[in-house]
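Here is a short walk through one model, strand by strand and helix by helix. Have the viewer open as you read.

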Amino acid sequence: MNLDDLNNVQKKAVTADNSHSLVLAGAGSGKTKVLSSRIAWLINTGQASFNEVLAVTFTNKAAREMLSRISMMLNRDMRGFWIGTFHGLCHKMLRLNWREANLIQNFQIIDMSDQLSLIKRLIKSANVNESKYSARDLQKIINSYKETGLRSNEIEVYDAYNKYIAEFYHLYENQCIRDGLIDFAELLLKSYDLLKNNQTIRNYYQERFKYILVDEFQDTNNLQYGWLRLLIGNSTSVFAVGDDDQSIYAFRGANIDNMSLFDKEYAKGNIVRLEQNYRSMGHILGAANSLIRYNNGRLGKKLWTQEGDGEKVLIVEKHNDLLESQWIVDEIKNLVRNGINQDDIAVLYRSNAQSRVLEHALFLSGVSYKVYGGLRFFERQEIKNVLAYLRLIVNRNDDSAWLRSVNFPIRGIGSRTIESLLEITKNNNISLYDAVAYHSGRSRNNLLMFNNIISTLEEASKKLTLVQLIEYVLEFTGINAFYKNEEETDRLDNLKELVTAATIFSAENNFSESPASLLIDVLQENMDVNLYNNISEQEKITPLLSFLSHASLEAGDNQFESEQPSVQLMTVHAAKGLEFEVVFITGVEEGLFPHENSMSDNSSIEEERRLMYVAITRARKKLYITMANSRMLRGQVRYSVKSRFISEIGEENAVFVKNKEKILSNNYLKSSSRYAPNTNSNKLSDGNMSFVDINGKKFVIGQNVKHKKFGIGTIIKLIGHGEESQAQISFDDFGIKTIMLGIARFE
DNA sequence: AAGCTTTGACTTTTT
DNA sequence: GTCAAAGCTT
């Protein structure tokens with residue numbers, strides 16, 4: 001194995017001795033490379049066997065990337081290797097030890113939306129006189145209790161609200177147990193409890209995993225830290241990699257202090273700093289360094305590069321959000337004209353709502369773009385409908401799945417029927433499936449038919465493979481026919497895609513030939529002789545259950561594969577871990593970035609600053625920061641001043657451009673952009689209209705108008721069609737303004 | 001059971 | 001301003 005393409009600091013990290021170490025890995029410093037190299041090095045030098053390493057990441061994507069790198073370095077098949085997300089690894093541990101964890105063998109994982117609907121259902125059936133809490137609130141509260149390691153009977157009850165929550169939490173726990181369901185937080189908590197309460201199992205894993213590597217350590221929550229702690233035995237060596245300056249997930253429980261805690265408890269000053277950056281040019285790094293200096297209590301780190309200063313950061317101020325977007329679109333066109341690929345351009349924003357204006361401007365000027373975020377593949381309605389049937393095959397007592405499928409496609413089973421069934425389940429403590437036998441209403445036959453469908457599917461699952469079973473479900477339940485009838489071609493395509501996903505999944509896991517509900521050994525290869533009898537028994541799981549777990553743990557992409565090069569639009573959070581040639585950070589105003597909800601206390605401001613730091617460090621060659629003096633927010637115009645972060649970037653790294661259109665072009669030229677801008681930014685570009693017809697009135701470029709407030713001016717630019725058309729008008733006394741033609745009052 | 005109107009929320013999000 | 005969900009009507 002060759003370590004020569006590592007720099008000295010990276011090499012030091014990769015070959016650190018057996019004690020614990022903490023690696024502070026700056027943005028773009030080769031973190032993934034170091035992690036993968038360390039694992040490969042440990043195995044290659046014989047210090048660790050294949051089965052003695054545990055690697056934890058936060059996303060499946062990160063796990064996949066690391067795995068493929070290691071696989072390449074070691075030139076071997078990595079199947080069976082313990083690498084994955086906290087949730088994925090806990091899941092694996094629970095499947096292996098389901099008995100000891102007090103689970104049923106075919107427990108199923110529910111995602112956030114499943115959890116929310118379950119909570120909604122419980123609120124209804126609990127019949128508590130007007131809960132003070134919404135389903136969302138309760139979901140948040142329950143999850144955060146779980147993430148601090150507390151179960152319903154461990155909550156300290158000091159008032160009525162608290163008592164209600166504890167009782168509701170208890171109700172929820174019971175329902176999950178009865179339905180054989182386990183939510184995301186519960187995967188961690190159950191696994192934590194297993195290790196904590198079962199000494200034999202704890203000893204086994206402590207002795208087995210001699211090397212534990214953790215990625216994105218700044219994103220761990222308290223429960224995850226506790227879980228790791230239970231895995232650390234006398235001879236365990238932990239290699240924790242993270243960047244306290246990129247901790248942006250406190251709102252979902254991440255505890256940035258876990259890094260210094262880890263240093264105190266384990267690493268004990270054994271810290272390596274990866275500060276050489278291979279991504280961004282000097283001024284961009286300068287801006288990032290300058291900004292982050294304003295945070296207190298950092299572990300300390302300063303990025304540097306050998307690649308030279310590059311261009312300064314361009315900070316652009318505009319009158320409003322529409323002009324901001326328009327300017328960005330024009331600039332993107334310039335960049336593209338100068339040979340930049342659209343895929344290499346990212347437009348980032350603090351909150352999703354901001355994408356609308358940007359999309360609108362991009363759309364009007366015909367620049368293709370791609371918005372990240374939104375529903376992922378396995379979260380789509382039509383997919384979830386199919387998955388619900390599959391869940392019922394595994395466990396017909398899964399009431400959540402039963403409710404979802406019973407009247408889809410429509411079988412004449414209405415809400416009255418459901419209500420009476422739910423009453424029966426409550427009184428007899430049985431599942432909805434079983435409650436059908438006690439129901440005597442008009443829909444009885446329809447209900448029996450539905451239950452029959454489940455039985456038929458279950459029989460089929462014993463003979464058909466996973467892929468055949470899914471195809472059978474699609475036909476037999478009438479789901480395909482339903483969407484065909486409704487001419488929902490997108491959904492039909494997605495259903496085909498589901499079959500493809502199952503095909504790929506089956507092939508990857510070597511069970512293309514097995515019946516869907518036959519228990520099979522999953523960890524065929526790479527298993528060492530059992531260290532302790534009865535513990536490292538092979539994982540037994542059915543292809544069907546395995547696929548369902550996969551669907552919950554890995555929701556899939558939220559974007560179809562792109563057909564053409566497109567500008568990338570996403571939140572700053574979504575951009576973490578990515579990099580682009582050119583980056584626009586938009587809406588950099590007080591109240592938006594930092595967000596107004598984060599402006600009250602210093603720790604949230606610091607998190608916002610880290611968010612800005614993440615945004616800046618995404619850019620390789622060119623960085624734009626834009627802001628608007630006013631913007632439409634929740635239907636109202638809001639005025640704001642530029643973000644404090646703009647001044648914190650440091651003047652030596654940036655060029656400021658005020659919102660006077662003509663000065664803009666000149667100033668910009670002085671910044672000697674490699675991508676020379678269009679000298680006349682007001683000239684007609686492809687997306688602009690030469691005339692606009694609105695409410696019977698015609699507007700043409702060059703036309704003179706008299707505005708009630710701004711007086712006489714000339715139309716220099718028309719943007720958009722119909723109701724939403726705007727005009728840029730050069731007023732004699734007020735300069736250039738952009739005006740909505742539908743609203744503006746002309747004389 | 002579908003189709004309408006009203007109400008209310010609204011920062012960021014992976015598993 | 002936009003979206004979803006709840007509530008009401010037919």
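Ile 345 has Val 582 in strand E15 as its bridge partner. Strand E10 (residues 345-349) runs parallel to E15, and 4 bridges join them. Here helices (H or I, at least four residues) and strands (E, at least two) are DSSP runs, numbered from the N terminus, and two strands pair if DSSP finds at least two bridges between them. Keep in mind that this is a predicted model, where local features need pLDDT of at least 70, side-chain atom pairs count only at pLDDT 80 or more, and totals for chains, interfaces and linings use all residues. Residues are numbered from 1 along each chain as its sequence is written, and side-chain values use heavy atoms, with hydrogens and water left out.

E15 also pairs with strand E16 (residues 619-633), again in the parallel sense, over 5 bridges. Val 583 sits opposite Leu 623 of E16. How many residues of strand E15 (residues 580-585) are buried? The count is 6 of the 6, so E15 is largely enclosed by the rest of the structure. Buried means under 20% relative accessible area (1.4 Å probe, protein chains only).

Helix H16 (residues 399-406) is mostly covered too, with 6 of its 8 residues buried. Those are Asp 399, Ser 400, Ala 401, Trp 402, Ser 405 and Val 406.

Now for a helix pair. Helix H15 (residues 381-394) and helix H22 (residues 489-508) have axes that come within 9 Å and cross at roughly 50°. That makes H15 oblique to H22; oblique covers what is left after under 35 degrees (roughly parallel), over 145 (roughly antiparallel) and 65 to 115 (roughly perpendicular). Axes are lines fitted to C-alpha atoms, for helices over the stretch in contact, and angles run from 0 to 180 degrees between N-to-C directions. From H15, Gln 381, Glu 382, Ile 383 and Val 386 meet Arg 491, Asn 494, Leu 495 and Leu 498 of H22. Contact means heavy atoms within 4.5 Å.

Elsewhere, 6 strands make an open sheet with parallel pairing, in the order E3-E2-E6-E7-E1-E8. Strand E3 (82-85) and strand E8 (271-274) stand at the edges with a single partner strand each, so one side of each is left without a neighbour in the sheet. E3 is joined to strand E2 (residues 53-57) by 4 bridges, and Val 56 has Gly 84 of E3 as its partner.

| Helix | Lies across | Angle |
|---|---|---|
| H2 (residues 31-44) | E1, E2, E6, E7 and E8 | about 165° to E7 |
| H11 (residues 257-267) | E1, E7 and E8 | about 150° to E1 |

Terms used: Chains are lettered from A and ligands numbered from 1 in the order in which they are written. Buried means under 20% relative accessible area, exposed over 50%, partly exposed in between (1.4 Å probe, protein chains only).
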